[in-house]
Amino acid sequence: MRRSQLFTKTRKQAPADEVSKNAQLLIRAGFIHKEMAGVYAYLPLGKRVLDNIVQIIREEMNAIGGNEVNLTALQRREPWEASGRWSDEVMDVWFRTKLANGTELGLGATHEEPLTDLMKQFISSYKDLPAYPYQFQTKFRNELRAKSGIMRGREFLMKDLYSFSVNREEHDVFYDRVSDAYDRIWQRLGIGNVTYKTFASGGSFSKYSHEFQTLSDVGEDIIYVHEARKIAINEEVYNDEVLADLGVSRDELIERKAVEVGNIFTLGTKFSDALNLSFVDEQGSTQRVFMGSYGIGPSRLMGLLAEHFSDDRGLVWPENIAPMRVYLVRIGTSDQVVQKADKMYEFLQSKGISVLYDDRNARPGDKFADADLIGLPHRVVVSERLLEQEKIEYTHRASGESLLLTEDALLDKLV
Ligand code: ATP
Ligand code: MG
């Protein structure tokens with residue numbers, strides 16, 4: 001992509017009303033636009049980052065048997081009434097709306113009810129199980145506080161997977177597979193070392209649920225970390241009982257702030273009871289389907305990664321998350337330089353390397369500042385002076401390493 005064809009611009013100052021670092025950086029770099037508190041639009045560079053995060057999650061969900069779907073954001077009242085959740089007391093962050101004829105609708109904050117209802121069309125026998133539908137969907141929640149930028153949106157992207165199993169044994173096996181898939185996702189996103197499987201409160205079918213909490217000073221959750229065992233306990237269940245269950249003592253734990261990036265939850269038959277989702281087992285008797293739910297927040301992750309991978313000059317994207325890999329800077333406007341830079345742009349792309357080409361007639365200092373702020377992993381400079389030496393200047397954003405290279409040596413760096 002050429003900068004001259006990218007409609008977004010960078011800005012020196014973040015909006016005065018934006019307090020979170022992730023939104024400040026992402027707005028300044030032109031990745032997102034703040035529509036109102038907790039509601040953000042994703043611009044071309046931001047969309048590419050979010051898509052990269054989504055694709056990593058998608059690959060890991062498909063690898064454990066997930067079937068991707070896309071459920072509706074507008075939801076009927078009846079399934080929610082059946083589960084007893086059509087009420088502001090139970091669902092405190094619910095947005096609701098009405099059809100012209102007065103029929104009340106919900107705006108999807110989560111999808112247990114409509115999906116359980118939908119699955120009745122497809123599940124009637126043990127042969128139809130297990131089933132693992134999942135989606136990436138915009139969720140709507142009337143969050144009270146929205147001061148964490150895209151880490152807590154009123155409109156945000158969620159990956160929600162739901163499992164439908166014949167019994168608890170089958171469920172438990174899948175539950176652990178999701179946990180392992182989640183660990184692979186954190187590794188691929190570069191936050192594996194700071195993300196802890198955390199014991200949190202369960203429902204009526206399981207003593208605990210598990211959250212995946214990433215250490216961060218801006219985290220809204222308090223967790224107690226056991227570094228050696230790579231687990232943690234959420235403060236909401238931090239008591240003698242859980243310590244005994246896990247066989248750990250208080251003096252082995254460190255209190256930390258963290259961000260919940262995902263969670264896994266045993267729902268049991270709560271929703272299949274409420275919505276009458278059953279199957280006939282091998283012996284011919286009717287049983288309730290045993291369920292679980294598994295969430296991840298891709299847009300929250302993008303905010304977290306922006307905070308985690310940044311310095312005083314701007315964003316520092318990891319290789320597999322960055323919107324493009326190379327920021328190509330053209331210094332000078334002579335025919336020779338323009339031709340050389342254009343050729344370099346074509347050449348890198350022909351090698352499968354994605355490039356943001358700063359082809360604007362802007363000051364070198366502005367281009368370098370933009371390269372730093374936008375934070376692509378590699379910066380390549382083509383200039384008059386370098387042309388004479390038949391060299392290209394290469395700089396690695398994360399380490400600051402800077403080298404004068406031939407074209408071949410540059411390619412070695414990038415592939
Ligand atoms: P929190 O305690 O942070 O409000 P939650 O328990 O409400 O989270 P779930 O309903 O389980 O979260 O949602 C699944 C995942 O969606 C969370 O683990 C988180 O990554 C993400 N998520 C939840 N709420 C938001 C939000 N308001 N903005 C962005 N991501 C969110
Ligand atoms: Mg919440």
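Q: Which strands each supply at least two residues of the shell around ligand 1?
A: Those are β8 (155-165), β13 (254-268) and β16 (290-296). Strands here are DSSP runs of E with at least two residues, helices are runs of H or I with at least four, and both are numbered from the N terminus. Before we go on: this is a predicted model, where local features need pLDDT of at least 70, side-chain atom pairs count only at pLDDT 80 or more, and totals for chains, interfaces and linings use all residues. Residues are numbered from 1 along each chain as its sequence is written, chains are lettered from A and ligands numbered from 1 in the order in which they are written, and side-chain values use heavy atoms, with hydrogens and water left out.

Q: Which of them gives the largest share of the shell?
A: β13, with four residues.

Q: And how many residues surround ligand 1 in total?
A: 15, and the closest are Arg-141, Glu-143, Gly-153, Glu-260 and Asn-263. A residue is near the ligand if one of its heavy atoms lies within 4 Å of it.

Q: How much of ligand 1 does the protein cover?
A: 81% of the 580 Å² of accessible area that ligand 1 has on its own. Accessible areas come from the Shrake-Rupley method with a 1.4 Å probe, and for residues only the protein chains shown count as cover.

Q: Zooming out, how many helices and strands are there?
A: The protein has 12 helices and 23 strands. Its C-alpha atoms fill a box of roughly 80 × 60 × 45 Å along the principal axes.

Q: What percentage of the residues count as buried?
A: 53% of the 415 residues. Buried means under 20% relative accessible area, exposed means over 50%, and partly exposed is in between, with a 1.4 Å probe and protein chains only. The accessible surface comes to about 19,000 Å², and 47% of that belongs to carbon and sulfur atoms.

Q: What share of the contacts comes from residues 24 or more positions apart?
A: 67% of the contacts with a separation of 6 or more. Contact means heavy atoms within 4.5 Å.

Q: Give me a buried one. Which helix holds Val-178?
A: Helix α5 (residues 168-188). Val-178 counts as buried because its relative accessibility is 0%. Leaving aside neighbours within four places in sequence, Val-178 is in contact with Ile-64, Leu-161, Ile-264 and Tyr-294.

Q: What about Asn-22, buried or exposed?
A: Buried, since Asn-22 has 0% relative accessibility. Asn-22 lies in helix α1 (residues 21-28). Not counting residues up to four places away in sequence, the residues that Asn-22 touches include Ser-148, Met-151 and Glu-307.

Q: Switching to sheets: how do β5 and β6 run?
A: β5 (residues 95-98) and β6 run antiparallel, joined by four bridges. Strands pair if DSSP finds at least two bridges between them. Lys-98 stands opposite Glu-104 in β6. The two form a hairpin with five residues between them, and Gly-102 in the turn has a positive phi of about 100°.

Q: Which other strand is joined to β6 (residues 104-107)?
A: β4 (residues 74-76), antiparallel and with three bridges. Gln-75 is opposite Gly-106 there.
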